[in-house]
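Trainee: I'd like to learn how to read helix packing, domain contacts and a ligand shell. Could you walk me through a case?

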Amino acid sequence: MQEEFAKKILEEISEGVIFVEDFRVIYANKAASNITGFPPKEMKGKYCFEILRCELCQKNCPVRENKQLPLEINQVSVMDRYNEEKFLKIRIQPLNNGWTIILQDITREVRLSKEFHGRYGISDIITAHPKLLEIIHILPRIAMSDSPVLIEGESGTGKEIFASAIKDLSKRRSKPYLRINCAAIPENLIESELFGYKKGAFTDARTDKKGLFSIADGGTLLLDEIAELPQQTQAKLLRVLEEGEIIPLGGTTPEKVNVRIIAATNKNLRLLVEEGRFREDLFYRLNVVYIYLPPLRERKEDIPLLVEHFIDYLNTIKGKEIKGIKNRAMSLLMDYDYPGNVRELKNIIESAFVLIDEGYIDVNHLPVYIREDKGERRRIEEALRQARWKKSEAAKLLGISRATLWRKMKKYGLR
Ligand SMILES: Nc1ncnc2c1ncn2[C@@H]1O[C@H](COP(=O)(O)OP(=O)(O)OP(=O)(O)O)[C@@H](O)[C@H]1O
Ligand SMILES: [Mg+2]
């Protein structure tokens, strides 16, 4: 009776629920069927990756990689039964001998967002950091120059938003703007992706295929994660930049292309050149204009501005009326380190939006790890004070080693 009742509820909710054992679907509810396009009967017994068909399944399935569960992924792109791309928020949690996968369809939101279309303009960049303001000030000049631009910065610092703003300010504004993630494409496919191929170039090449350079002709191409470009492709790319022409795989005649290159990386490219892992000549070709985006922990003045910006943005997109954030919650956000930079801050605000529809974001709407962080900082500070800043004594009070204390003091900026 109880079970039947629970099943009825499961059939009614808007989240897709799939229960999987040994990667095989045991149960899927109606919403899961709507999202994936497979009727419930067809789903049963299939492999989860057959019906979810998501980028994650193929490359790094969190379950196969023994990631800690439960696990929430804010945005993955999947292919439904009709080969239609959808965007989902996914939660995976262990249950009995398997896992439940909970799916939330966020396709509409993603399509509405500027990120999806690469339509960020200069006014979408929020900052009060002097160095970044300087860059923004000269961004129109950079954009008009038509020179290659290299953007460096840790993950989530805003490299894509800057690239998109440069495109937007340039003469190529209304021409194609394409992005390739050099890290996400298998080594053997990247050249055909970039330069295309001719019919018969290899067994599967039944027709000619245009590469990104041809499709982006007249426009802008963002080479994201450029540091991951294989050596062999680096050489070919250099040739393209020098000659302004491409030769598709299996082709003989060069084709003229006119593409502005923006390269982005979260590595230090110059260092990779010194280590012999990136071609020096290509580095100089790309590094004509250089933009460095500092990590968020080094521009804390941006945190309140970004928080306000994300609240406004999410209110619009989700139709909510959140008024702001309580001071004590804000001070936790100010104290945090943000290994994931602005993207992480955005996700933190977004996760608060799951919990409330109006009023103010408070401490209990923030992820636990941020609250704990503060707890630890405070505990350490107190122990230090009690020990009159003698580290060995404070370490003893806290029950940790001196080395650990030293590391944590550094992490929290205590000295
Ligand atoms: N200065 C900023 N103002 C407003 N939003 C920002 C800013 N910087 C980053 N963001 C937002 O943070 C998120 C991450 O930015 P972006 O995708 O540009 O990072 P990235 O440097 O390309 O990261 P990755 O190296 O991981 O690809 C995006 O949603 C972007 O809109
Ligand atoms: Mg990026």
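Trainee: Let's start with α19 and α20: at what angle do their axes cross?

Mentor: Keep in mind that this is a predicted model. Helix α19 spans residues 391-398 and helix α20 residues 402-411, and their axes cross at roughly 100 degrees, coming within 9 Å. Angles from 65 to 115 degrees count as roughly perpendicular, and α19 and α20 are therefore roughly perpendicular to each other.

Trainee: Which residues make that contact between α19 and α20?

Mentor: From α19 you get Lys 391, Ser 392, Ala 394, Ala 395 and Leu 398, and from α20 Arg 402, Leu 405 and Trp 406. Sort the contact of α19 with α20 by class and you find five nonpolar residues, one polar and two charged.

Trainee: Okay, next pair. How do the axes of α8 and α9 cross?

Mentor: Here the angle is roughly 65 degrees, and the axes of α8 (residues 130-145) and α9 (residues 159-169) come within 8 Å. That makes α8 roughly perpendicular to α9. As for handedness, α8 and α9 make a right-handed crossing.

Trainee: And what sits in the contact of α8 with α9?

Mentor: On the α8 side look for Leu 139, Pro 140, Ile 142 and Ala 143; they meet Ala 165, Ile 166 and Leu 169 of α9. The class count for the contact of α8 with α9 is seven nonpolar, with no polar and no charged residues.

Trainee: What about α15 and α17, at what angle do they pack?

Mentor: About 50 degrees, with the axes 10 Å apart. α15 and α17 are therefore oblique to each other. Their crossing is right-handed.

Trainee: Which residues of α15 and α17 meet?

Mentor: α15 brings Ile 303, Leu 306, Val 307, Phe 310, Ile 311, Leu 314 and Lys 318, while α17 brings Val 342, Leu 345, Lys 346, Ile 349, Glu 350 and Phe 353. By class, the contact of α15 with α17 holds ten nonpolar residues, no polar ones and three charged ones.

Trainee: Now zoom out for me. What does the domain assignment give for the chain?

Mentor: It lists domain 1 (2-107), domain 2 (114-294), domain 3 (297-366) and domain 4 (371-411). Take domains 2 and 3: their centres, over C-alpha atoms, are 31 Å apart. Ten residues of domain 2 are in contact with twelve residues of domain 3. The domain 2 side of that contact has three nonpolar, six polar and one charged residue.

Trainee: How many residues surround ligand 1, and which are the closest?

Mentor: There are 18, the closest being Ser 155, Gly 158, Lys 159, Glu 160 and Val 342. Some helices you've already seen turn up here: α9, α15 (302-318) and α17 (341-355) each supply at least two residues of the shell. By class, the shell around ligand 1 has five nonpolar, eight polar and five charged residues.

Conventions. Residues numbered from 1 in each chain as written. Chains lettered and ligands numbered in written order. Predicted model: local features only at pLDDT ≥ 70, side-chain atom pairs only at ≥ 80, totals over all residues. Axes fitted to C-alpha atoms, helices over the stretch in contact; angles between N-to-C directions. Helix = DSSP H or I, 4+ residues; strand = E, 2+ residues; numbered from the N terminus. Parallel < 35°, antiparallel > 145°, perpendicular 65-115°, else oblique. Left-handed = near helix turned anticlockwise from the far one by under 90°. Contact = placed C-beta atoms within 7 Å. Nonpolar A, V, L, I, M, F, W, Y, C, P; charged D, E, K, R; others polar. Near = placed C-beta within 6 Å. Domains from an automatic or database assignment.
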